[in-house]
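Please read them against the model.

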Amino acid sequence: MEPILNPQQIREVDNLTCKNQNISSLQLMERAVRSIFDWLVSQFPDIAERRVVVLAGTGGNGGDAIGVANALSMVYNNVLLYQWTDGHRCSADNISMQERANRQSLSICRDTLPPLPSSSKDILLDGILGFGAHGGINTSLAERINAYPNIVSIDLPSGLQADGSFSQNSVVRAHHTLAIQLPKLAFFLPECDICIGQLHYLNIGLDTSCLSSLGNTEYSVMSDMQIDAPRPRACYKGNFGHVLSITGSDGMMGASVLSVRAALRSGAGLVTAVVPQKWTSILQISVPEAMVHYRKNINSLLQEPRKPYTIVIGSGLANDECSLQILMDTLIYAQPYYFPVIVDASSIHDLALLVAERKSLVNNLILTPHVGEFDALVGPSSSHLERIAKAKAFAKTYNSTIVLKNFRTAVITADEVIFCPYGNPGMATAGSGDVLAGVLAGYIAAHDTTSLTTICQAVALHSLAADKAATHISERALTASDIIAALSSSY
């Protein structure tokens, strides 16, 4: 996992990099300048035919922006440089970059609005405020910047703070954000996406070996996930767990099929689907590898713990009038044996009633809600960050893990929030969540553990499969079945 650092910790990384690599902060800034310059030239191969307006502030981001303007002006003659000081003093490295601009006869227009865009090809490079800034930018300036057709922000759009807070009228709405190597919390919050645009990481050689010395961080991001290892040669299906899938109801049997297929594709040795008797043929025909049990006899099944189960419940269960009772029976059955239980979809709504009436049953669960389901469980939130805080509190109270599905799915415990950096908008489609619940069940069963690492690996597997499928099918045409089909190529 890669920690998401706060601004003070990022400064420490910069300082330690300079110390450990025996370079100055200005030399580190020059690395960023070179990376940004290379990205611009690569992204806009016709940059010589475009007007480039560079907006710099007074700090490190401003120094980067001025440095890029210097580099561009040495090759192209279409660069305009503006600096917005707002009465603040410039940093030493920023002043060094200004002096270089003076030597190159690149004029700097200070504290004046940049010109309006002259064509759809104009580029505006935003380097006014950086990760350590507080508050927004001048509203007139924000309005002028946001009129540009191609806005590129350095590290963070100006006015967007590292923790994701911003004012609607005082923030740059970038088309591209060039993150200087390290992730920021704002990158993973859905309300910030309108400001960030497409996110690109630029590696400038920061010394990340020092991250462990910076202390614990509340947030992190999945990285270098080893999804799976080769199976032992001497094995049989009993070595890879048994998933009990309590899913499906009238008109929603497709959710059960998707969840069961996903569990099998994720490595489960055996899957038993517990569905209404009149719809068992759907499962037996659609997923011949699965065993099927009639739901009217669920109590007889749950009284026979002849083998350990990983249980997944809720996908497509909404139209069963007995769904609350089914959830209660399942949790009562699972608790004495410590069977892992993944609670999805309509069962999360039912869980809200159990929280009020049978709290003792709501423990050691893995919940997979989307935003609407989670808000129904704990109440609405004014921001996603508040929602995450509520998820941490719920996880602590009930010793559970929340897989909060969203723009960037987060795996949340009482102590940690781990974001999945993979996935795409095509996953906002019917059945995608049912597939995730099945993937979690199958992966946990196959590995016989509910460790945080295993849960994160399953979440990453689901999102990586969606990314692979989208490259062939497109985000708009992506379906849940496509995600299942791509699981085999995502290990």
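1. Helix α10 covers residues 323-334. At 1.5 Å a residue, its 12 residues should span 16 Å, and its end C-alpha atoms are 16 Å apart, so the two agree. The expected span is 1.5 Å times one less than the number of residues. Helices are DSSP runs of H or I, at least four residues, and strands are runs of E, at least two, numbered from the N terminus.

2. This is a predicted model: local features need pLDDT of at least 70, side-chain atom pairs count only at pLDDT 80 or more, and totals for chains, interfaces and linings use all residues. Residues are numbered from 1 along each chain as its sequence is written, and side-chain values use heavy atoms, with hydrogens and water left out.

3. α10 is mostly covered, with 9 of its 12 residues buried. Buried means under 20% relative accessible area, exposed over 50%, and partly exposed in between (1.4 Å probe, protein chains only). Among the buried residues of α10 are Ser323, Asp329, Thr330 and Tyr333.

4. Helix α4 (residues 92-103) also has 12 residues. Asp93, Asn94, Met97, Gln98 and Ala101 are its buried residues.

5. Ser105 follows α4 and has a positive phi, near 60 degrees.

6. The largest pocket has a volume of about 1,000 Å³. Its lining has 39 residues, and Gly59, Gly60, Asn61, Gly130 and Phe131 lie nearest its centre. α1 (7-21), α2, α3 and α4 each give two or more residues to this lining. α1 gives the most, with 5 residues.

7. The second largest pocket has a volume of about 630 Å³. It is lined by 33 residues, of which Lys405, Asn406, Met427, Ala428 and Ser432 lie nearest its centre. α14 supplies the largest share of this lining, 4 residues.

8. On pocket terms: on a 1 Å grid over the protein atoms alone, a pocket is an open set of points where a 1.4 Å probe fits, with protein on both sides within 12 Å along at least five of seven lines. Lining residues have an atom within 4 Å of a point. Grid points are joined across faces, edges and corners, and a volume is the space filled by probe spheres set on the points.
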